[in-house]
Amino acid sequence: MTRFVNHALKLTPTRDELAAQDFVSSLRSHVLNPMAASMKSRFEAELAAKMPEGATGRDVLKAMQTHPYFRFYSAARVKAQEMVWASVRPTVERERTDLKRRFEALSADTTRAQGSLKLDTSFAIPRNVTALDVHLMPGNYHQDGGHGDLAAGALYENGLSVFSFGLMGETLDDIGRSVALWLSLRHPEFRPGAILDLGCSVGHQTLPWKRSYPDAQVTGLDVAASCLRYAHARAQAMGLTAHFLQADATDVPLPDASQDLVFSSMFLHELPVKDTRAVFREAHRLLKPGGMMLHYELPPNEALSAYDGFYLDWDSHYNAEPYYQGYRDLAPQAEAEAAGFSGFFQAAVPSLGWYGEQAVRKAVTEQADIGTDKVGRLSDGVNWFIYGAWKQNGAAA
Ligand SMILES: C[S@@+](CC[C@H](N)C(=O)[O-])C[C@H]1O[C@@H](n2cnc3c(N)ncnc32)[C@H](O)[C@@H]1O
């Protein structure tokens, strides 16, 4: 299942390692589909009627915590998550030195693309990263063996390939591709010349912006050096020019009013609330008047039933994602407005890989609100929940 990694950093797992990866992908699919459905029907049959008026996800968790099926489901899901990383780690470790060699060759090869990488050796990685192994990934994003080391980036990309069992597209970039297409159709008049992707990790959702807007200067920013090296080498391997920068999204070393689009994907829920607010203010500072802030994220608790809120917040309690729930308790529109934005919008973008370009076009022309209850892991379909807002023309940085 490292099969969704198809570029020059591709690893060569043994047959046993491949079999283990396939098993883990199937196990996760089983836990998240039939087991999750069984858990929900048990809740509905046994506990829903006993929930207090106005119950929240926290109330549902309290009621479910001692339920044997919830415990079974949680144990299986935690184990499957640990097995994701265990199934790719031996391959990454075996090829660690060779990955370094490939990184050096790809960085030096300016015939493929003219991207850049700017790392800061004095950079202090924030505690929301250093104190955790987010989603149980050993060593987290920031483990770093120094010059040329790609191990954390390789672990993340290959692990995601196993973890997502095909949901993220052939090259794990379906979110970026779908959202970039949606934006180009929804706002054909908006032609961003400078695009910044915050918390870009290995650049999966950064590069689709370069494909959609080839003349744009595309920058990916992250705190983790190994992921950024990997992102740079991956972009060069794919022949796409992008620039990667080590920095904190709450304090970006780029000038005021230098960007047209500030984007993020699966990023904000990994930040403490105060940092999410700082990121919104920073996005406002970085944008030119008339620019857009756009995020792909989990839907907020306010838009979901108590059960769905409980279901999504599972990660906060059992998957080393302590900021998940606090983030999902926020109201995105109020937060964007507090940072100075206006013209808030939200949408569920159909997956380009699963449903094709026509479905994205239809979502734009019909302005169909698929609904926040139909996104992420809450439905059988694959739709990406996005929201955004504009920096008003004439607004100061
Ligand atoms: C789930 S990954 C994002 C994945 C990527 N955006 C995608 O959609 O494929 C979260 C990333 O945020 C980075 N990160 C965490 N805190 C950060 C901060 N304060 N500033 C910038 N990046 C940060 C982590 O290093 C990690 O690479």
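Me: What makes α7 count as mostly covered?
Reply: In this predicted model, 10 of the 13 residues of α7 are buried. A residue is buried if 20 or more other C-beta atoms lie within 10 Å of its own, exposed if 12 or fewer, and partly exposed in between, with C-beta atoms placed from the backbone. Among the buried residues of α7 are Asp174, Arg177, Val179 and Trp182. Helices (H or I, at least four residues) and strands (E, at least two) are DSSP runs, numbered from the N terminus.

Me: How do you know which residues and features may be discussed in a predicted model?
Reply: Local features need pLDDT of at least 70 and side-chain atom pairs count only at pLDDT 80 or more, while totals for chains, interfaces and linings use all residues. Residues are numbered from 1 along each chain as its sequence is written.

Me: What span is expected for α7, and what does the helix reach?
Reply: The expected span is 1.5 Å times one less than the number of residues. Helix α7, residues 174-186, reaches 18 Å from its first C-alpha to its last, close to the 18 Å expected. For α10, with 14 residues, the reach is 20 Å, close to the 20 Å expected.

Me: Which elements do the buried residues of α10 pack against?
Reply: They pack against β2 (194-198), β5, β6 (287-296), α13 (324-329) and α14 (332-338). Two residues are in contact if their C-beta atoms, placed from the backbone, lie within 7 Å. The buried residues of α10 include Val279, Phe280 and Ala283.

Me: What is Met293 in contact with, leaving aside its neighbours within four places in sequence?
Reply: Met293 is in contact with Val262, Ala283, Leu287, Ala336, Phe341, Gly388 and Ala389. Met293 is also one of the residues that touch the most other members of the largest nonpolar core, which has 107 residues. A nonpolar core is a set of buried Ala, Val, Leu, Ile, Met, Phe, Trp, Tyr and Cys residues joined through C-beta atoms within 7 Å.

Me: Why is His135 called partly exposed?
Reply: His135 has 18 C-beta neighbours inside 10 Å, so it counts as partly exposed. His135 is found in the loop between α5 and α6 (151-163). Its phi is positive, about 35°, although His135 is not a glycine. Most residues other than glycine have a negative phi.

Me: Why is Met266 called partly exposed?
Reply: Met266 has 16 other C-beta atoms within 10 Å, and is therefore partly exposed. Its place is in the loop between β5 (259-265) and α10 (273-286). Phi of Met266 is near 50°, a positive value in a residue other than glycine.

Me: Which residues come nearest the ligand?
Reply: Of the 24 residues around the ligand, Tyr141, Gly199, Ser201, Ala249 and Ser265 come nearest. A residue is near a molecule or strand if its C-beta atom, placed from the backbone, lies within 6 Å of it. At least two residues of the shell come from each of α5 (127-130) and β3 (217-222).

Me: Why does the radius of gyration of the chain agree with a compact globule?
Reply: The radius is taken over C-alpha atoms, and the globule rule is 2.2 Å times the number of residues to the power 0.38. With 397 residues the rule gives a value near 21 Å, and the chain has 21 Å, so the two agree. Of these residues, 47% count as buried.
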